[in-house]
Amino acid sequence: MNCDIIKDFINTNDRYARSGNIRLVRVEPGYAEGEMDITPDSMNSRGFVQGGAIFTLCDLTAAGASNSRNQGMIAMGGNISYIRPGTGKKLRAVAREINRGHRTGLFTVDVFNDEDKIIAHATINGFATGEPLVKE
């Protein structure tokens with residue numbers, strides 16, 4: 001299946017991510033890139049991007065990588081380390097498949113600011129649903 005179909009399906013149907021100006025921009029087998037436009041609604045009380053918004057960017061980008069072969073997978077756990085505050089106009093995330101078995105998968109996600117400096121690193125575990133994400 002064409003990875004653009006997966007990207008478009010996730011971008012269209014993940015209403016929560018869409019409401020936060022978060023979207024997938026690239027999906028390849030075992031790999032995805034996502035972006036988040038930083039708006040005043042993205043900020044925490046200190047004027048930095050709220051940690052939950054950054055985690056949502058990681059979750060959506062990992063969803064792109066984990067579902068890239070149209071073998072449905074949902075997150076079953078995740079861990080994030082915040083390295084520096086989220087600032088600028090846009091954040092970019094890169095998800096990579098580390099391991100994919102029959103029932104589980106492991107993915108890493110790195111998030112970068114406008115200056116291409118890393119601001120967060122996440123690992124996300126997925127559980128294979130046994131169903132395709134998109135029905136052909």
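Reader: Which sense do S2 and strand S4 pair in, and over how many bridges?
Author: In this predicted model, S2 and strand S4, which covers residues 90-100, pair in the antiparallel sense over seven bridges. Within this part of the structure, Glu-35 stands opposite Arg-92 in S4.

Reader: And how does S2 pair with strand S1?
Author: Strand S1, made of residues 22-28, also pairs with S2 in the antiparallel sense, over six bridges, and Ala-32 in S2 is the bridge partner of Val-27. The hairpin of S1 and S2 has two residues between the strands, and Gly-30 there takes a positive phi near 75°.

Reader: Is S2 mostly covered or mostly open?
Author: Strand S2, residues 31-37, is mostly covered, with six of its seven residues buried.

Reader: Changing topic, what volume does the largest pocket have, and which residues are closest to its centre?
Author: The largest pocket has a volume of about 290 Å³, and of the 22 residues that line it, Ala-63, Asn-67, Met-73, Ile-74 and Ala-75 are the closest to its centre.

Reader: Which element gives the most to that lining?
Author: H3 gives the most to the lining of the largest pocket, with five residues, while helix H1, strand S3 and strand S6 are among the elements that each supply at least two. By kind, the lining of the largest pocket divides into twelve nonpolar, seven polar and three charged residues.

Reader: What about the second largest pocket, and what lines it?
Author: The second largest pocket holds about 180 Å³ of space, and its lining includes Tyr-16, Asp-41 and Thr-56. Helix H2 and H3 are the elements that give two or more residues to this lining, which divides into four nonpolar, seven polar and one charged.

Technical notes: Residues numbered from 1 in each chain as written. Predicted model: local features only at pLDDT ≥ 70, side-chain atom pairs only at ≥ 80, totals over all residues. Heavy atoms only, no water. Buried < 20%, exposed > 50% of the residue type's maximum accessible area, 1.4 Å probe, protein only. Helix = DSSP H or I, 4+ residues; strand = E, 2+ residues; numbered from the N terminus. Pairing = 2+ DSSP bridges. 1 Å grid on protein atoms, 1.4 Å probe; cavity = no way out; pocket = protein on both sides within 12 Å on 5 of 7 lines; lining within 4 Å. Points joined across faces, edges and corners; volume = space filled by probe spheres on them. Nonpolar A, V, L, I, M, F, W, Y, C, P; charged D, E, K, R; others polar.
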